[in-house]
Amino acid sequence: MEAILEMRNIVKRFGDVVANDHVNLKVRKGEIHGLLGENGAGKTTLMNVLYGIYQPDEGEIIFEGRKVRFKSPRDAISAGIGMVHQHFMLVPRMNVLQNVILGYRTPSDPLINHKWVESKVEKLSEKYGIDIALYEVVMNLSVGEEQRVEILKALFRDVKLLILDEPTAVLTPQEVDSLFYALKSMTKSGLTIIFITHKLKEALKVTDRITVLRKGKNVGTVITAETSERELARMMVGRDVVMDVAKPEVEFGREVLRVEDLWVKDDRGGFAVKGVSFSIREGEIFGIAGVSGNGQKELEEAIAGLRTPARGKILLDGKDITKLGVEKRNEIAYVPEDRIGVGLAPSLSVLENLMLKDFKKYRKGLVLDYEKMEERAKELIEEFSVKTPSLHSPASTLSGGNIQRLILARELSRSPRLIIASQPTRGLDVAGIDYVRRRLVESAAKGCAVLLISEDLDEIFQISDRIAVIFEGEIRGIMERKEADYERVGYLMAGGLEVAV
Amino acid sequence: MRWNYLAPVISIVASLAVVGVMLAVMGINPLEAYIVMFSRSFASKFGLAELCVKTTPLILTGLAVAIPLRAGLWNIGAEGQLYMGAFAASVVALYINLPEFLVIPLMMAAGAIFGMGWAAIPAFLKAKFDLNEIISTLLLNYVAIYWVEYMVYGPMRGKEVYNFPYTDLFPDAATLPRFFGTRLHLGFLIAILIAIAIYHILKRTDFGFAVRVVGANPRAADYAGISRQKIIFYSMLLGGMLAGIAGMIEVSGIQLRLRPAISTGYGYAGIPVALLASGNPLLVILSASLFGFLYVGGSALQTTYSVPVAIVYVFQALIVLFIIGGQSLRRGD
Amino acid sequence: MVDAGFIASLLASSIRAGTPLLYATLGETLTERSGILNLGIEGIMITGAFTGFAVSILTGNPWLGVLFAGFAGMALAFIHAFFSITLKANQPITGLMIVLLGLGITGFFGRSYIGEVAVYINPIHIPYLSSLPYVGEILFTHDPLAYIAVILAAVLWFLLFKTRYGLEIIAAGENPEAADSVGVDVDRIRYISTLIGGFLVGIGGAYLSLAYAKLWTEGMTAGRGWICLALVIFSGWMPQRAVLGAYLFGGLDVLSFKLQATGVGISYHLMRMVPYVVTIVVLLFSVIRKRAAFGAPASLGVPYIRGRKQ
């Protein structure tokens, strides 16, 4: 079959980070092509390059046999490419019709020819089985309906290739079914679809072929009918050189953290954590694996005290801390996922950042004892080998690895009972990764309980004592490391369900 | 780093150039005009005294903007807080019988409390409902100004002022001592001492530390267990307090009575003063002097060339625009 | 004392006092609909008032004055647009500086025009209709600009809600990312809306000096710019409602004068506080009831940067 789209050797960098590293993608006309990978694998970046939102640093795009270069989405649209973003691009206060024709010129332009739009939409509805009330305000629609509006927007512009970015993330199972049905019928009418997902089951269910990306590179393209969940999981998760930090076996002590039936809401008011329970003992590293956005952020924030749970209990050393503020949870150290946005005041000095949580302890009369603070900061810098020009340089001037060391210095030096480390090595170089993992292992050896939240399975496997998988806010299986293997964890991460063993 | 020092200089020079063009359009040689501004401000003890007199309220309103700005908040309400402070101080001066040595301290306390109270409204609305403080502080300026007008046209109008909208003159015990046979008064010293005190408070206390964290990264403040709402509230209150004291000093040191238009935009001028000093209280003294100079120089232009003082507004606006323009360009979005 | 004649003349003057507010409110409505918050109305209005007055004197044609007042408003609005859209600077602060700039420039160049007499725009009494009892006085004794303002409100309503341009303007103010994703040039739309908005605000100023007060003094807008800001909120960003709001606030202004003249015991100064207090209360309602439900463009005052992670 002929290819409608070919992306060759696409490279896209953001600063030092290579989001797409010589990626190739070939999509055939009339197929549903799955683009599978973990978060951060570069799927969305690749599609944004195709759609003209980003310009590639290297590589070329061939669409319908011609080399193209899209400077903006407008170019992509007029060439016949449509995209339904993960976050819908709708204006909530406008009605469906207005959203559909936004940016489009109807025959009586600049007036809006409602009759013409209505009849065109009617034809599309008949052809593709998408039914939607044109004059309903988008604000009042369900998420599934909003998605239909997005798809209608693309179809209305007579696209030939439709990109769907994680289209099922927000849908109920019934909505997913009807979406898949609609997609199949669209391809029958000659449309080509690229379907971005990190869920194996869906990829298997709806696509014809699947291209797997991992860490910005493509791993390969397979025919859906000839592959299996296990194979895809292996391709998706992959295996890196395992480094030599290993968690020594220790006797676990008393229970430090206990989480009971925890329910936490996200910023939009839906439940991101749904009835999670687990416990961690002294000396234990408890690793939670999972693709970002499955409730990790809300879970860690609830335990750290930044987010109030809707239901459930958090106990620290047997004491109920569910309702306490951050300042009353001094026994918890927290290495947040967003180091610079949350864990640091980048424009303030290294000294101030080291003292971010402890400055009140240095009060001498009315003022703070800066001499003592500097003394202590020097010790910390020494102990954690933070490389900085001086104590008074802004923290933003440090490298990524040193920023993480600074945060570790502040957090670990407060003799915590529990350490929450979220994606603690993301974006670090090998030496930095090694250092952070060693530190966590050491802290555990000293009797801390460690909650490690990571997308990096190597990391999870390397230093955890027990491994849990989080998917859509639920814990899917807790296992001893010895019993765990990559495929099983990868399978659970992608939404697989464990059959009773 | 170097940009931080260069930006204000470039902005001032650029503003001087633009205003120079405006002067030239009016047929005035800008160079000569600038020389007049200089000589009038620096060449005599009266000029220097006037410079200090104009600088005094600007130091305080500059701080009133700078402190909340350190916590990431725009206080556009220094003008209104100044008026409320002046009003409260005037009430004490005119209507309360006190031992003489207590009059000035009590006026200052009253001014501080009313300035603070006036700032507490937008601070509360911000902390509680996240109501944009820029607009609320600004609108409250008008309310405060009309309040003072209402008082001096009505209940507080003096017995010996014919039909003018003034209160009676304050008794001697309610006026700040003046020096060297000029209008230079104790308020100047007070303002400088306050600036130094604020510098140390922000630099050395735990409150100052918390303000810096909130201003630098509110999410990091949450993360570190620093109560953002509290810090926002208190920094605004502190700002309002200083603007209120500025109002007290203005009526007690210069006007010697309450009347409308006691401030020629000192509260608004506090914004460029604070921006030029990049929020540093000691530098506020310096940038306030610069704007004091613009005020004195502006009135020198008025008497020499009959150029309206409004030219000072143009200066202020241009300096701020150049500074924020420069910042945006450097951010390089 | 308060009879039908009093009320008729009060209503007629409310329309006159409300017309400059209406122009400025319509201008700001357009600007804000596109997502740009321009707090500089006070400064733009006073610049329009001065420019209109000066040009009318220089050319002897008040209509040229009105036109140039619009251009002057546009020039100041351009500064705001450049800072807000191109430099993505803090919009409220830039707007405030536009106010200072306008007050400063007009104070500076305007001094020599104080006390001068320009050629003004005069009311036309529409034959027959104006001699109707009461209604004639209220509705048919105004100058052309007052009628044009109402027509303009209708035109703006039509533009915003019935055309593709309106759709794109509203989308730029609500969700610029969505607009951008379907190829709408958000920056261009915001520039144009801000410039036209400035033009209308400038005309509002010219109305003040050439048709309403018929004189020029420094700072003659006397806070009307801020009132218009409140009016935009008050009218829920709807041009058709702005008409009523402008006349209402105009009436409030007239009433405080008239009451003073008739000796009713409410202080003029206290009356003048009312619009500002009302504005704060309205704002408070709008934040408590959440923006979406209340009607402010969802991205008002937020710079749009393409590709920024949300």
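The model is predicted, and every value given below was computed from it.

Chain A contains 15 helices and 22 strands. Its radius of gyration is 25 Å, which lies close to the 23 Å given by the globule rule for 501 residues, so chain A is as compact as a globular protein of that length. Along the principal axes, the C-alpha atoms of chain A fill a box of roughly 75 × 55 × 45 Å. Of the 501 residues in chain A, 49% are buried, and among the contacts in this chain with a separation of 6 or more, 68% are accounted for by residues 24 or more positions apart.

Chain A is divided into domain 1 (3-237), domain 2 (253-331 + 417-501) and domain 3 (345-415). The centres of domain 2 and domain 3 of chain A, taken over C-alpha atoms, are separated by 27 Å, and the contact involves 10 residues from domain 2 of chain A and 7 residues from domain 3 of chain A. On the side of domain 2 of chain A that touches domain 3 of chain A, helix α13 (residues 430-445) of chain A gives the most, with 4 residues. By class, this side of domain 2 of chain A comprises 4 nonpolar, 4 polar and 2 charged residues.

Turning to the contacts between chains, 35 residues of chain B are in contact with 35 residues of chain C. The side of chain B that touches chain C receives at least two residues from each of α5 (100-129), α6 (133-153) and α13 (311-331) of chain B. When the residues on this side of chain B are sorted by class, 27 are nonpolar, 5 are polar and 3 are charged.

The contact between chain C and chain A takes 20 residues from chain C and 20 residues from chain A. On the side of chain C that touches chain A, the elements giving two or more residues are α7 (164-174) and α8 (176-181) of chain C, and the largest share, 6 residues, comes from α7(C). The residues on this side of chain C divide into 8 nonpolar, 6 polar and 6 charged, whereas the side of chain B that touches chain C has 27 nonpolar, 5 polar and 3 charged residues.

Methods:
Residues numbered from 1 in each chain as written. Chains lettered and ligands numbered in written order. Predicted model: local features only at pLDDT ≥ 70, side-chain atom pairs only at ≥ 80, totals over all residues. Contact = placed C-beta atoms within 7 Å. Nonpolar A, V, L, I, M, F, W, Y, C, P; charged D, E, K, R; others polar. Domains from an automatic or database assignment. Rg over C-alpha atoms; globule rule 2.2 N^0.38 Å. Buried ≥ 20, exposed ≤ 12 C-beta atoms within 10 Å, placed from the backbone.
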